[in-house]
Amino acid sequence: QVQVVESGGGLVQAGGSLRLSCAASGSIFSINVMGWYRQAPGKQRELVAAITSDSSTNYADSVKGRFTISRDNAKNTAYLQMNSLKPEDTAVYYCNVQGKWRIWNDFDDWGQGTQVTVSS
């Protein structure tokens, strides 16, 4: 099976920066998409940014120009660099990884989440 672990969350003042990491491990044959989602209290989980195996990226309008997603294929790791943070970015950030394990089996797994809190 596949395990997904996020790290890098924390408390930061508005205007500050944080870098989140997402590491996937296990019997991974290939990873197609790695994505970051967030969920604020009382709100639905939403896509923040995603990156494919050929490094195509997609961002939510609310984070364009402030957040950058990247990945290290050799390490099965994705990163989310968050700059110019705003209080409305406060949420639990989750990593989602989709791909194949043991060649033939699809997987679509989530991490446990990491809290990001931006103070005004």
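Welcome to a predicted model, in which local features need pLDDT of at least 70 and side-chain atom pairs count only at pLDDT 80 or more, while totals for chains, interfaces and linings use all residues. Residues are numbered from 1 along each chain as its sequence is written, and side-chain values use heavy atoms, with hydrogens and water left out. Strands (E, at least two residues) are DSSP runs numbered from the N terminus.

**The core**

- The largest nonpolar core contains 32 residues, and Trp36, Leu80, Met82, Tyr93 and Val97 have the most contacts inside it. Such a core is a set of buried Ala, Val, Leu, Ile, Met, Phe, Trp, Tyr and Cys residues joined through side-chain atoms within 4.5 Å.
- At least two residues of this core come from each of β1 (2–7), β3 (18–26), β4 (28–39), β5 (46–52), β7, β8, β9 (91–101) and β11 (114–119). The largest share, five residues, is supplied by β9.
- Leu80 is in contact (heavy atoms within 4.5 Å) with residues including Trp36, Val48, Phe67, Ile69 and Tyr93, leaving aside neighbours within four places in sequence.

- β7 and β8 run antiparallel and are joined by six bridges; two strands pair if DSSP finds at least two bridges between them.
- Asp72 stands opposite Thr77 in β8.
- Four residues lie between the two strands of the hairpin, and Asn76 in the turn has a positive phi of about 50°.
- Asn76 is partly exposed, with a relative accessible area of 23%.
- Beyond neighbours within four places in sequence, Asn76 is in contact with Cys22, Ala23, Ala24, Ile28, Ile31 and Met34. Asn76 and Ile31 are 45 residues apart along the chain, and their C-alpha atoms are separated by 7.6 Å.

**The loop between β4 and β5**

- Arg45 is found in this loop and is partly exposed, with a relative accessible area of 35%.
- Not counting residues up to four places away in sequence, Arg45 touches Tyr37, Arg38, Gln39, Tyr94 and Trp110.
- Arg45 and Tyr94 are 49 residues apart in sequence, and 9.0 Å apart in space, C-alpha to C-alpha.

Terms used
Buried < 20%, exposed > 50% of the residue type's maximum accessible area, 1.4 Å probe, protein only.
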